[in-house]
Amino acid sequence: MTTVHRYGKRPAQHRHKRRQRQFWQFMICGTVFVALVAAKLYSPRHAATLRRAISQAMDRNMDIQEVFASVGRTFAGENAPAEGLREVWNAVFLPSDTDAETGQTVTETLSGLISETLSGDAAEPPAGDVPENVPQTSSENVPQTSSGDAPQVRSGDTSESPDTLTRHQWTETFGNSTAFTSLSEPWPETSGAAVIPEPSSDSSASDDTRPEASSDDTRPEGQASFLYTGQNLPQNVGMEQVLLNFDYQCPVHGEMTSGFGYRKHPIDGVERFHYGVDIAAETGTDIVCFADGVVTATGESTSFGKYCTVEHGGGFTTLYAHCNRVTATSGATVHKGDKLAEVGATGQATGPHLHFALQREGVYLNPVYYLAG
Amino acid sequence: MARVRVKASPAFYILLVWFAAVNGLRPLLTVLSAALVHECGHFAALRRCGARVTGFRLGVCGAVLDSNCSRLSYADELFCVLAGAGANLLAAVLCAAAGNPYPAFTGANLILCAFNLLPVRPLDGGRALELLLSWAAGPAAGEYAARWVSAAGALALASGLAYVMHGSGGSLWLLPAMFGLLAVSVRECVGRA
């Protein structure tokens, strides 16, 4: 005989259902646990890949605050609906929630609707990749600069990792427009607080704009000093100097305070990869366009501050961050030398400067080669 | 005033911490403030209609106000159901009219308003649809139509969240909501006894 509960429930049946539910929950959790352990035992490589993928997915997030703010601004009439929609789209699918400067998880917006994600290995080099653990590769093991137009790898370069070779193969696809520079140069010739000179003449494709190497090995304070190889470079970073097929110029003139590569972050003190260069200048100094192109995004994020991105064709895009004010509008066609923004210290910045980054098809390149006139 | 039992599931706290960890404290406060406005809207409407609020549950899929609505008319219940979204809309309008000092708060209220008006039970939109149809064509027809609209809507919404997660390359804190919506879809298709 079943005792009817005073609220109309049957405790025995209820308990049975509850136990059944708990049993299935236990079975599902147990199966997942056993499957993961088995995968780790039988295929540690795949397990590591899976773990990395999950870790990366955990790190990447839409910029939810920017989504809210964009909707709020559009509703208040501060943004046109199309602009608001674009901002929301960018915040969801192309968030710049973490600065390349911080080296944390980054999903860049450098090429309009193309998202290029930097995270995992790129953001936090694996344990073996931290500078302290990087083996001091001898110069023989490092690809050297080829002097010809066609990219070449030094014949003695046999100890490179597959990653390095892959990067070289990738570079070779650039054809005649690519040349290698020495990857053993942790900080290009413009070490220390290099001053970006006034543009005496604009560079062009035919110019050999590669600066001459210098023996001066002093580096800015906090600049990590170690050798770059395919193993310790984050993903989506190329140390090659690519010849640009268009005219370009330095976006702002000032003191270069931080270069491309590993460095101690000025705010948190952690050694991370810096995906661009910092050029200090007074607040309000004009930031001009690096080359002809189309403004693909303007926005503001907690780390980049006010920023804009320009697509130049040929897969090249540039980022101008920490601006005090962005004067360019998204979608506008701009020419080399046109004013885009003004220098500021918005976002994660310790002082007024321009964070300038250069990408080619999702691969970060060292902009310093193109800043010297 | 009768006591209101507040209950929060452990999963809610986990989601809260997870959300704060990946998005930061500001987005969390923005969302929570918009949710508070929403629930205050429901609460005020229920009190206005004379219904007693018996509990407030916080779960992984959102907040729920438990109340005894059995004596409310269709119109009153519809008013109470839509009051949350209405409060969000009102908050957004007031904030925008005041010069929009907190655009994120304005946006969060608007998004919460729109999200809750989706025709998916147990969201406000799904319940409002059920009430409207029941009012117009009878409870059976209302339940039948709301069930299938809700099932399809939940499936579409879950797919949308999956797309957002895939597109953003992460945002895994949306996973509980996606699985919750899938469960809603299945439950609506199977039908509750």
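Two strands are said to pair if DSSP finds at least two bridges between them. Strands here are DSSP runs of E with at least two residues, helices are runs of H or I with at least four residues, and both are numbered from the N terminus.

Good morning. The structure shown is a predicted model, in which local features need pLDDT of at least 70, side-chain atom pairs count only at pLDDT 80 or more, and totals for chains, interfaces and linings use all residues. Residues are numbered from 1 along each chain as its sequence is written, while chains are lettered from A and ligands numbered from 1 in the order in which they are written.

I begin with the sheet in chain B. Three strands form an open sheet in the order β1-β2-β3, with mixed pairing. The edges are held by β1 (5–8) and β3 (62–68) of chain B; each has a single partner strand, so one side of each lacks a neighbour in the sheet. From one strand to the next, the twist averages 15 degrees; for such angles, axes are lines fitted to C-alpha atoms, for helices over the stretch in contact, and the angles run from 0 to 180 degrees between N-to-C directions. Strand β2 (residues 52–59) of chain B runs antiparallel to β3(B), and seven bridges join the two. Within this pairing, Gly59(B) has Gly62(B) as its bridge partner in β3(B). Helix α2(B) packs on the sheet, where it touches β2 and β3 of chain B, and its direction makes about 10 degrees with that of β3(B).

I turn now to chain A. Its secondary structure comes to five helices and 16 strands. Of its 373 residues, 43% count as buried. A residue is buried if 20 or more other C-beta atoms lie within 10 Å of its own, exposed if 12 or fewer, and partly exposed in between, with C-beta atoms placed from the backbone. Two residues are in contact if their C-beta atoms, so placed, lie within 7 Å. Among contacts in chain A between residues at least 6 apart in sequence, 70% join residues at least 24 apart.

How do the two chains meet? In total, 23 residues of chain A are in contact with 23 residues of chain B. On the chain A side, the elements giving two or more residues are α2 (44–59), α3 and α4 of chain A. Which of them gives the most? That is α3(A), with 10 residues.

Since 12 of the 12 residues of α3(A) are buried, the helix is largely enclosed by the rest of the structure. What covers these residues includes α4 (81–93) and β10 (293–301) of chain A, together with α1 (10–23), α2 (25–48), α3 (74–97) and α4 (103–116) of chain B. Just after α3(A), Gly77(A) takes a positive phi of about 85 degrees.

Finally, some backbone details in loops. Glu361(A), which is not a glycine, has a positive phi of about 50 degrees. Glu361(A) lies between β15 (353–360) and β16 (363–365) of chain A, and is partly exposed, with 16 other C-beta atoms within 10 Å. In chain B, the peptide bond from Arg121(B) to Pro122(B) is cis, with omega near 5 degrees. Pro122(B) is found in the loop between α4 and α5 (124–137) of chain B.
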